[in-house]
Amino acid sequence: MEGHTLSGGFGDGPVQTAVAFREIMEAMARPGTIRAVEGATPPAPISVAAGVVILTLCDADTPIHLAGAYDCKPLREWIAFHTGAPVVAPDGAAFALGRWSDLALDNYPIGTPEYPDRSATMIVESDRLKPEGASLRGPGIKTEVALNLPERAFFQANCARYPLGLDFIFTSGAQMAALPRSSKVR
């Protein structure tokens with residue numbers, strides 16, 4: 001086992017996991033707000049924020065799909081050691097990690113009418129997160145907020161199939177923002 005596999009996790013797991021979980025839930029409850037997280041030092045090419053999300057939300061019962069350059073041996077070993085999450089094909093994933101261009105979004109579970117919670121959450125690595133661009137409205141947003149999204153049409157269609165659909169966590173460096181399927185994008 002290589003050194004990168006053993007390092008990079010939370011130094012004080014219970015405390016850092018609790019803090020990170022609160023930040024992730026705040027981001028989901030307030031779509032489009034950019035939040036800072038810390039505590040993970042995952043191997044390249046993954047960001048600190050994506051590492052924090054994986055360490056906090058993934059375990060042996062939450063399969064993850066790694067897309068594009070993120071499907072690499074150092075990251076697979078790091079995830080296996082720190083979370084035990086199995087790496088799977090898109091159609092069996094509870095989480096997926098990759099850049100927007102690498103995530104074939106039609107391949108992930110969107111839930112069923114009986115179990116809409118059985119959908120995937122996309123962790124989308126971005127070059128930057130800025131409060132500009134697309135206008136977001138809906139639950140958790142007082143009037144509207146802006147977030148630079150990779151496109152708008154997909155998110156509009158995703159919201160239209162609510163309660164089914166995908167949820168998104170955008171990450172860049174040590175920042176993250178969330179876009180649940182209930183958010184309306186203009």
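Of the chain's 186 residues, 47% count as buried (under 20% relative accessible area with a 1.4 Å probe and protein chains only; exposed is over 50%, and partly exposed lies in between). The model is predicted: local features need pLDDT of at least 70 and side-chain atom pairs count only at pLDDT 80 or more, while totals for chains, interfaces and linings use all residues. Residues are numbered from 1 along each chain as its sequence is written, and side-chain values use heavy atoms, with hydrogens and water left out.

The chain holds five helices and nine strands, where helices (H or I, at least four residues) and strands (E, at least two) are DSSP runs numbered from the N terminus. Read from the N terminus, the order of elements is α-α-β-α-β-α-β-β-β-β-α-β-β-β.

A place to start is strand β3, residues 95–99, where four of the five residues are buried. Strand β2 (residues 64–66) pairs with β3 in the parallel sense over three bridges; two strands pair if DSSP finds at least two bridges between them. I64 has F95 in β3 as its bridge partner. Between β2 and β3 the chain passes through helix α4 (residues 73–82), and this β-α-β crossover is left-handed. A right-handed crossover would run clockwise from the first strand over the helix to the second, with the strands pointing away from the viewer. β3 also pairs with strand β4 (residues 121–125), in the parallel sense and over five bridges. There, the bridge partner of L97 is I123 in β4.

L97 and I64 return in the largest nonpolar core, which has 29 residues; I54, I64, L75, I79, L97 and M176 have the most contacts inside it. Such a core is a set of buried Ala, Val, Leu, Ile, Met, Phe, Trp, Tyr and Cys residues joined through side-chain atoms within 4.5 Å. Two or more residues each come from α2 (13–29), α3 (48–57), β2, α4, β3 and β8 (175–179). Helix α3 gives the largest share, seven residues. A second, separate core has 24 residues, including W100, Y108, F168 and A177.

For the chain as a whole, the radius of gyration is 16 Å, which agrees with a compact globule because 186 residues would give a value near 16 Å. This radius is taken over C-alpha atoms, and the globule rule is 2.2 Å times the number of residues to the power 0.38. Along the principal axes, the C-alpha atoms fill a box of roughly 45 × 30 × 30 Å.
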